[in-house]
Amino acid sequence: MCSQTTALMKATVLRSRNVLEFQDVARPEPGPGQVLVRITHGGICGTDLKICEGSISVRYPLIPGHELAGTLVSGGDERIRPGARVVVDPVLYCGACSCCRADLTNLCVQGMLLGRDRDGGFAEFIAVPRSHVYALPESIQNVEAPLIQVFTTCLHAQRRIEIFPGQSVAVVGLGVTAQAHVQLAKLRGAHPVIGITRSAWKRRLAEQLGADVTLPSGPEGVRGVLDATGGRGADVVIESTGHLPVVTDAISMAKPGASLLLFGITTADAGAFPFYQLYFKELKVVNARAAKGEDFEPCIDLIARGALKLKPLITHVLPMAELGRALEMLRAGNDERMKIILEND
């Protein structure tokens, strides 16, 4: 129980597997080097669903939420002052391990994610390191801002591969992150950019966001990529679903010597896989994990200039207290649902 002198806030608390409660909890107090942020908006994704369902192990009770934006309340400096609108980098790192010393902070051996390893932002307030907040320009609206964190993961991934102007890029799966990959590939001069999914609605959205060609998934998609590239296959294939059969299709549509970016998180530890094609085509296989602080400012700049579009990817906005309803929407699936944003009053 909180004492009468303890400042309280509203938060959605995960008490145990699939048990969420919207309740009063103690408001965090920022420690040395930390700032206090009043959360205005948060996004949800498949990671949140896995945490709440128990397929990602966490300690209870836990406040979920890692795609966060809000207003700086206290603890700012000359770079960013109280009252500023900010987006939060949720990836915490120690700064001292071998990965951190090699500037691989996203791979920190003691790394933590807000909303998974430490209380996150489906609440009124959160205390985070001062180094993990970035000011938002006026051109980016509060409701859009949680998507910045999502886009940083895509920018980080594409920084790990080469895409030259005029190269063909196939993006397999057209969920939120894949739609970001379509836009980033176009910015890098790729042509044609080919979007592939079973959903006709998502294919139309990809076309609005810059895809030159869109195709249904499966064998028809593989044939379509070959047709669109003169029979050679794509120079770069970005696989964003994490499903092994789709990874197989991605390998089949890649040309010899192509780059294969495995962006989707594959959790399967067994299954049929075309290993010989990997050898025969000499594919460059790259994967990416999360993002680094250095990915935030360039991503914010691209969005502020209108080079990357966020708003078309937001299909639902719900009160923060309705996290349970939002998770049910994720479970149900919907070809015409993209990003769900939660907002505080």
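Reply: Salt bridges that share partners join Glu 328 with Glu 53 and Arg 331 into one network. This is a predicted model, in which local features need pLDDT of at least 70 and side-chain atom pairs count only at pLDDT 80 or more, while totals for chains, interfaces and linings use all residues. Residues are numbered from 1 along each chain as its sequence is written, and side-chain values use heavy atoms, with hydrogens and water left out.

Me: What makes the pair Arg 331 and Glu 328 a salt bridge?

Reply: A salt bridge requires a side-chain nitrogen of Lys or Arg within 4 Å of a carboxyl oxygen of Asp or Glu. The closest N and O atoms of Arg 331 and Glu 328 are 2.6 Å apart, and the pair forms a salt bridge. Both residues lie in helix H10 (residues 323–332), three residues apart, about one turn of the helix; helices (H or I, at least four residues) and strands (E, at least two) are DSSP runs, numbered from the N terminus. Arg 331, at 32%, is partly exposed. In general, side chains of opposite charge can pair when their charged atoms come close.

Me: How many salt bridges does the structure hold, and which residue does Glu 21 meet in one?

Reply: The structure holds 16. Glu 21 meets Arg 15, with an N to O distance of 3.6 Å. Glu 21 has 36% relative accessibility and so counts as partly exposed; Arg 15, at 33%, is likewise partly exposed.

Me: What does the salt bridge between Glu 67 and Lys 339 tie together?

Reply: The closest N and O atoms of Glu 67 and Lys 339 are 2.8 Å apart. Glu 67 lies in strand E4 (residues 67–74) and Lys 339 in strand E17 (residues 339–343), so the pair ties together parts that are 272 residues apart in sequence. Glu 67 and Lys 339 are both buried.

Me: Why are the buried residues of H7 said to lie on the same side of the helix?

Reply: The buried residues of helix H7 (residues 244–252) are Leu 244, Val 246, Val 247, Ala 250 and Ile 251. They cover an arc of only 155° around the axis, which puts them on the same side of H7; the arc is that of the directions from the helix axis to the C-beta atoms. Their cover includes strands E10 (169–172), E13 (234–239) and E14 (254–262) and helix H8 (275–281).

Me: How do you know that the radius of gyration agrees with a compact globule?

Reply: Taken over C-alpha atoms, the globule rule is 2.2 Å times the number of residues to the power 0.38. With 345 residues, the rule gives a radius near 20 Å; the protein has 21 Å, which agrees. There are 10 helices and 17 strands in the protein, and 50% of its 345 residues count as buried.

Conventions: Buried < 20%, exposed > 50% of the residue type's maximum accessible area, 1.4 Å probe, protein only. Contact = heavy atoms within 4.5 Å.
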